[in-house]
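Visitor: I would like to learn how to read this model feature by feature. Where do we begin?

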Amino acid sequence: GKSIFRQRDHKLGILVAEMLGRRALFKVPKGARTFAMKPLPKNNEEWKKILTTPAPNAPKTVSNKYASMMANAAFHLNAVEEVRADFKYLGKVFEDPRTIEAVKNGQGTTQAFVKDMNTMYKLHQAGKDEVAKLEGKDKAAALKALAKYSDLAPLTTSMLGSFMDEGVIATVPVIAESYDKLAGKILKEVNIEIAAAAPLSDRQKSQIMNVVQKYIDSDSKILLSEKVDTSLIAGFQLQIEDRFVDLTAKSSYDGLMSKVAAAS
């Protein structure tokens, strides 16, 4: 069928190239990409099973059912990380109103739409200079030149097609954000932020992390970030997911002053 992104004289989507040239999107790695994921289901029964069988560690209540089903499928197909990276990119693409407008005004099949999104992903990897060289080529020649770049993961393209058919393609940014959080839970990621009055030494960080380990599972993947806040005077603050621990001199000082004020 015809491409969702309308094309003139079989030239490669000028609109896509313009979008890539005007806005910096999520950076994707260049070069060949290999997928460790299992093969996609062959029938509706198999699809239903992987979409509805909960992934371990994922919360029972979710804010977005499409993200939840995608997370379930990604876990069972060993594609959590691949799909996460793809939808971080796609979430940025669909934040651009021109993408939504192109989809709404386009004519063609869902399959053509998915192929276009995959081509767009390749174009983004190619960069503006190479895209400019492709604009004078016919579609077949341009696609051949783009063959060296990575494809979206097979599960990603399947889910994109489903979102298109379901009429929720405009909500991809919301789906992507929700999926990112679910992926973190499935992969047992724990976000930890340390705020201190001055940069911490490796020894201090090691001592802090020894304490933190008591509160998280041994197989958790720690994502550590640090920041310096001179208003803290001394000591440090810990943010472990939604848990906050304040062990700063400022906290002690503020507590003391509040008691003095109460006694006045």
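Guide: Begin with one residue. Ile100 has a relative accessible area of 15%, under the 20% cut-off, so Ile100 counts as buried. Keep in mind that this is a predicted model.

Visitor: Where is Ile100 found, and which residues does Ile100 touch?

Guide: Ile100 is found in helix α5, residues 97-105. Leaving out residues up to four places away in sequence, Ile100 touches Phe94 and Ala170.

Visitor: What share of the contacts in the chain joins residues 24 or more positions apart?

Guide: Among contacts with a separation of 6 or more, such pairs account for 78%. The chain has 264 residues, and 41% of them count as buried. Its elements are 12 helices and four strands.

Visitor: Now helix packing. How are two packed helices described?

Guide: By the angle between their axes and the distance between the axes. Take helix α4 (residues 80-93) and helix α9 (residues 154-166): the angle is about 50 degrees, and the axes are 9 Å apart. An angle between 35 and 65 degrees falls in the oblique class, so α4 and α9 are oblique to each other.

Visitor: Which residues make the contact of α4 with α9?

Guide: From α4 come Val83, Asp86, Phe87 and Leu90. From α9 come Leu155, Thr156, Met159, Leu160 and Phe163. By class, seven are nonpolar, one is polar and one is charged.

Visitor: At what angle do α4 and α6 pack?

Guide: At about 95 degrees, with the axes 12 Å apart. The pair is therefore roughly perpendicular. In this contact Asp86, Tyr89, Leu90 and Val93 of α4 meet Met117, Met120, Tyr121 and His124 of α6. Six of these residues are nonpolar, one is polar and one is charged. Asp86 and Leu90 of α4 also take part in the contact with α9.

Visitor: How many residues does α6 have, and is α6 mostly covered or uncovered?

Guide: Helix α6 runs over residues 110-126 and has 17 residues. From first C-alpha to last, α6 reaches 24 Å, close to the 24 Å expected at 1.5 Å a residue. The helix is mostly covered, with 14 of its 17 residues buried. After α6 comes Gly127, whose phi is positive, near 90 degrees.

Visitor: Next, the nonpolar core. Which residues touch the most other members of the largest one?

Guide: Phe87, Phe94, Leu155, Leu160, Phe163 and Tyr179, in a core of 41 residues. At least two residues come from each of α2 (44-52), α3 (65-76), α4, α5, α6, α9 and α10 (172-186). Helix α10 gives the most, with seven residues. A second, separate core has 12 residues, including Ile192, Leu200, Met209 and Leu238.

Visitor: What does Phe163 touch?

Guide: Setting aside residues up to four places away in sequence, Phe163 touches Tyr66, Met70, Phe87, Val168, Ile169, Val172 and Ile175.

Visitor: One last residue. Is Asn72 buried or exposed?

Guide: Buried, because its relative accessibility is 7%, under the 20% cut-off. Asn72 lies in helix α3. Apart from neighbours within four places in sequence, Asn72 is in contact with Ile50, Leu51, Thr52, Thr53, Pro54 and Ala55.

Definitions and conventions:
Residues are numbered from 1 along each chain as its sequence is written. This is a predicted model: local features need pLDDT of at least 70, side-chain atom pairs count only at pLDDT 80 or more; totals for chains, interfaces and linings use all residues. Side-chain values use heavy atoms; hydrogens and water are left out. The expected span of a helix is 1.5 Å times one less than its number of residues. Buried means under 20% relative accessible area, exposed over 50%, partly exposed in between (1.4 Å probe, protein chains only). Axes are lines fitted to C-alpha atoms, for helices over the stretch in contact, and angles run from 0 to 180 degrees between N-to-C directions. Angles under 35 degrees count as roughly parallel, over 145 as roughly antiparallel, 65 to 115 as roughly perpendicular and the rest as oblique. Contact means heavy atoms within 4.5 Å. Ala, Val, Leu, Ile, Met, Phe, Trp, Tyr, Cys and Pro count as nonpolar, Asp, Glu, Lys and Arg as charged, and the others, Gly among them, as polar. A nonpolar core is a set of buried Ala, Val, Leu, Ile, Met, Phe, Trp, Tyr and Cys residues joined through side-chain atoms within 4.5 Å.
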